[in-house]
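Let's walk through this model together, starting with a single side chain and widening the view from there. Please keep the structure open as you read.

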Amino acid sequence: MQKMSPTQKRPQAIDRIATAVSSLIFPPLAPLYQAFIEQKAGINEKRAELLRKRENARNEGYAAATRLMTPSAEQLQTIGVSYLELINKQRSSKDE
C-alpha cells in the first residue's frame, strides 16, 4: 500500500479554497507597493500645492501690511513725518 500525502487526500474544492484563502492572507506586494507609491505621489502634490498657497497668502499679507504702514504722498504732506516715526513719537510720549 502506498501512503498518500496530505495534499493528495484533499478534494479539489478544498485545494481551491486553500489557494484562494492563501492569496487573501498573503497578497502580492507589487500591486500594493504600486498603490502606495501612487498615493504618496498624490499626497506630495497636494502638499506642494498647499505650501504654495500658504506662501502666496503670506506674501500677500506682507505686501498689504507694508502698504498700510507706508503713507501715501497725500498723507506725507499732511503728517510731515513717516507713519513709523509718528508711531515712535506716540510710543515715546506714552512712556514719559
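Arg58 is partly exposed, with a relative accessible area of 47%; here buried means under 20% relative accessible area, exposed means over 50%, and partly exposed lies in between (1.4 Å probe, protein chains only). Its side chain meets that of Glu55 in a salt bridge, 3.2 Å from N to O. The term stands for a side-chain nitrogen of Lys or Arg within 4 Å of a carboxyl oxygen of Asp or Glu. Glu55 is partly exposed too, at 35%. Both residues belong to helix 3, and because they are three residues apart there, about one helical turn separates them.

Before going further, a word on the ground rules. This is a predicted model, in which local features need pLDDT of at least 70 and side-chain atom pairs count only at pLDDT 80 or more, while totals for chains, interfaces and linings use all residues. Residues are numbered from 1 along each chain as its sequence is written, and side-chain values use heavy atoms, with hydrogens and water left out.

How many salt bridges does the rule give? The count comes to two. Besides the Glu55 and Arg58 pair, Glu49 forms a salt bridge with Lys53, where the closest N and O atoms are 3.4 Å apart. Glu49 and Lys53 are four residues apart in helix 3 (residues 29-69), so about one helical turn lies between them. Glu49 is partly exposed at 29% relative accessibility, and Lys53 is partly exposed at 49%. Side chains of opposite charge can pair when their charged atoms come close.

Now for the aromatic rings. A search of the whole structure finds one aromatic pair. Tyr33 and Phe36 form this pair, which is tilted, with 6.4 Å from centre to centre and 35° between the planes. Rings of Phe, Tyr and Trp (its six-membered ring) pair if their centres lie within 6.5 Å; planes under 30 degrees apart count as stacked, over 60 as edge-to-face, and the rest as tilted. Tyr33 and Phe36 also lie in helix 3, three residues apart, about one turn of the helix. Tyr33 is exposed at 53% relative accessibility, whereas Phe36 is partly exposed at 47%.

Let's move to helix 2 (residues 12-25), where Ile17 sits. Ile17 is exposed, with a relative accessible area of 52%. Together with Ile14 and Val21, Ile17 makes a nonpolar surface patch of about 250 Å². Patches are made of residues with over 30% relative accessible area and no salt bridge, nonpolar side chains (Val, Leu, Ile, Met, Phe, Trp, Tyr) being joined within 5 Å and like charges within 9 Å.

Finally, step back to the whole chain. The protein has five helices and zero strands, with helices (H or I, at least four residues) and strands (E, at least two) taken as DSSP runs numbered from the N terminus. Of its 96 residues, 2% count as buried. The protein exposes about 9100 Å², and carbon and sulfur atoms supply 60% of that area, computed by the Shrake-Rupley method with a 1.4 Å probe.

How far can you trust the picture? The mean pLDDT, the predictor's confidence in each residue from 0 to 100, is 81, and 73% of the residues reach 70 or more. Among the elements, helix 3 has the highest mean pLDDT (93) and helix 1 (residues 6-9) the lowest (62). Where pLDDT is low, the predicted coordinates should not be read in detail.
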